[in-house]
Amino acid sequence: MWNRFARLFIIKTKFEAFLVIYGLGLGAVERGRHYLDLYPGYGGWLLFAACPVAVFMAGGRIIDSLDHARNG
């Protein structure tokens, strides 16, 4: 039973990966908006920009790991 539950958290297809990346992106932009409220000016904008960049890096890694698991 535990294995069936654990399989829910494994990303198996690119569609699932894109859904996860979309959710991460929404959260990152929301966090960036909070940074803009807390730190007005250039500092807030730099922190805002760092949030989606982290999602781009993680998203690329997720997609690459799917391709690697399928081919290898």
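Trainee: What is the relative accessible area of Thr13?
Mentor: Thr13 is partly exposed, with a relative accessible area of 35%. Buried means under 20% relative accessible area, exposed over 50%, and partly exposed in between (1.4 Å probe, protein chains only).

Trainee: What kind of model is it?
Mentor: This is a predicted model, in which local features need pLDDT of at least 70, side-chain atom pairs count only at pLDDT 80 or more, and totals for chains, interfaces and linings use all residues. Residues are numbered from 1 along each chain as its sequence is written, and side-chain values use heavy atoms, with hydrogens and water left out.

Trainee: OK. Where does Thr13 lie?
Mentor: In the loop between α1 (2–6) and α2. Helices (H or I, at least four residues) and strands (E, at least two) are DSSP runs, numbered from the N terminus. The C-alpha atom of Thr13 is separated by 29 Å from that of Gly32, 19 residues apart along the chain.

Trainee: Switching topic: at what angle do α2 and α3 cross?
Mentor: Roughly 170°, with the axes of α2 (residues 14–38) and α3 (residues 42–71) coming within 8 Å. Axes are lines fitted to C-alpha atoms, for helices over the stretch in contact, and angles run from 0 to 180 degrees between N-to-C directions.

Trainee: Roughly parallel or antiparallel, then?
Mentor: α2 and α3 are therefore roughly antiparallel to each other (under 35 degrees is roughly parallel, over 145 roughly antiparallel, 65 to 115 roughly perpendicular, the rest oblique). Their contact (heavy atoms within 4.5 Å) involves 18 nonpolar, four polar and four charged residues. Here Ala, Val, Leu, Ile, Met, Phe, Trp, Tyr, Cys and Pro count as nonpolar, Asp, Glu, Lys and Arg as charged, and the others, Gly among them, as polar.

Trainee: Which residues of α2 are buried?
Mentor: Ala17, Ile21, Ala28, Gly32 and Tyr35, and what covers them includes α3.

Trainee: And which in α3?
Mentor: Gly44, Phe48, Cys51, Pro52, Val55, Gly59, Ile62, Ile63 and Leu66. Their cover includes α2.

Trainee: Which residues form the largest nonpolar core?
Mentor: Nine do: Ala17, Ile21, Ala28, Tyr35, Cys51, Val55, Ile62, Ile63 and Leu66. α2 and α3 are the elements giving two or more residues to this core, and α3 gives the most, with five. Such a core is a set of buried Ala, Val, Leu, Ile, Met, Phe, Trp, Tyr and Cys residues joined through side-chain atoms within 4.5 Å.

Trainee: What is Cys51 in contact with?
Mentor: Leaving aside neighbours within four places in sequence, Cys51 is in contact with Ala28, Arg31, Gly32 and Tyr35.
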